[in-house]
Amino acid sequence: MEKYIFYILAFIIIVFAIASVTSRKMLRSVIYLLFVLSGIAGLYFLIDYNFLAAIQLTVYAGGIIVLIIFSVILVHHIEMELEIAKTSKQLFVGLSCLLGLGLFLTTIYTHEFNVVENYNTITTSDIGLKLLSYEAGGFILPFEVISILLLAAMIGAIIIAKGKKLSDKNDDTI
Amino acid sequence: MISGISIYELLTVTSILFFIGIYGFITRKNLISILMSIELILNASVINFVIINKYLYPDMLQGVIFSIFIIAVAAAETALAVSIIINLYRQINSVEVKDTELMKY
């Protein structure tokens, strides 16, 4: 049963990823990306990482897609069709991507993985304890660094999207 | 782990996803589409972290925690990139890559 669910999910992911990078309508390609991200969340549910699947659904499918849709609506006419690359370039890039894919797959399939049979579930509290532990192997420092990074990115995004320097605004009003 | 599915099939899916992302990154001519292709590439790498953690080292948590960090960095990167794109559109009225010659504030 799980096997067939995996094959359906993989099919959805790959087909919609191809549609997302080749579609000429901008908004449609964003929606195809949403399907890809939801399929990936389904994959996480399938291998029992519920917390990651929830993060994937809220941050990617909920947050980033809405952000991209907003930027598309702000800078495009909805009906506008995208400029497409030259056919020769598309063919060349496609062929080199297939070549790289072949290289990857031969490397993967010739390598012997020591797979451990297991069906244990990782709970959210395990992840939280690991993130906040300051003993050996704990992740408290990267956790704090990420929080500072998110704050800095938020302030930077607000200032850049505002456009003008803050001091110029006062000059305009005078 | 998924019963009946080996690690090879999962890694095949992520490799295909990664190269679809690279294809879009090179052939697209629009800044927002390039951003979306970067999302595909990052997602492929996150799935790889999770799968290798689950199949090879099931008692560890490193893969899960690193994928949470990757998702956080990707969210920050997308927010910044979208704000840069909106600012650029205000200045040159276009988001095509070939028009983006002006990088001075």
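Reply: Chain B has three helices and zero strands. The model is a predicted one.

Me: In what order do the elements of chain B run from the N terminus on?
Reply: Chain B holds three helices and zero strands. From the N terminus, the order is α-α-α.

Me: What radius of gyration does chain B have, against that of a compact globule of 105 residues?
Reply: The C-alpha atoms of chain B fill a box of roughly 55 × 25 × 15 Å along the principal axes. For a compact globule of 105 residues the value would be near 13 Å, but chain B has 18 Å.

Me: What percentage of contacts in chain B, between residues at least 6 apart in sequence, join residues at least 24 apart?
Reply: As for burial, 48% of the 105 residues of chain B count as buried. Of the contacts in question, the share joining residues at least 24 apart is 46%.

Me: Are helix 2 of chain A and helix 2 of chain B roughly parallel or roughly antiparallel?
Reply: Two packed helices are described by the angle and the distance between their axes. Here the axes come within 11 Å and cross at roughly 5°. Angles under 35 degrees count as roughly parallel. The two helices are therefore roughly parallel.

Me: How many residues of the contact of helix 2 of chain A with helix 2 of chain B are nonpolar?
Reply: Chain A brings residues including A:Leu33, A:Ile40 and A:Tyr44. Chain B brings, among them, B:Met36, B:Glu39 and B:Ile47. The contact has three polar residues, one charged, and the nonpolar ones number 11.

Me: Is A:Tyr32 buried or exposed?
Reply: A:Tyr32 is found in helix 2 of chain A. Beyond its neighbours within four places in sequence, A:Tyr32 is in contact with A:Phe16, A:Ala19, A:Ser20 and A:Ser23. The cut-off for burial is 20 or more C-beta neighbours within 10 Å. A:Tyr32 has 21 inside 10 Å, so A:Tyr32 counts as buried.

Me: What distance separates the C-alpha atoms of A:Tyr32 and A:Ala10?
Reply: Along the chain, A:Tyr32 and A:Ala10 are 22 residues apart. Their C-alpha atoms are separated by 14 Å.

Me: Which phi does A:Asp48 have, although it is not a glycine?
Reply: A:Asp48 is found in the loop between helix 2 (26-46) and helix 3 (50-75) of chain A. A:Asp48 has 16 C-beta neighbours inside 10 Å, so this residue counts as partly exposed. Its phi is positive, at about 70°.

Notes
Residues are numbered from 1 along each chain as its sequence is written. Chains are lettered from A and ligands numbered from 1 in the order in which they are written. This is a predicted model: local features need pLDDT of at least 70, side-chain atom pairs count only at pLDDT 80 or more; totals for chains, interfaces and linings use all residues. Helices (H or I, at least four residues) and strands (E, at least two) are DSSP runs, numbered from the N terminus. A residue is buried if 20 or more other C-beta atoms lie within 10 Å of its own, exposed if 12 or fewer, and partly exposed in between; C-beta atoms are placed from the backbone. The radius of gyration is taken over C-alpha atoms; the globule rule is 2.2 Å times the number of residues to the power 0.38. Two residues are in contact if their C-beta atoms, placed from the backbone, lie within 7 Å. Axes are lines fitted to C-alpha atoms, for helices over the stretch in contact, and angles run from 0 to 180 degrees between N-to-C directions. Angles under 35 degrees count as roughly parallel, over 145 as roughly antiparallel, 65 to 115 as roughly perpendicular and the rest as oblique. Ala, Val, Leu, Ile, Met, Phe, Trp, Tyr, Cys and Pro count as nonpolar, Asp, Glu, Lys and Arg as charged, and the others, Gly among them, as polar.
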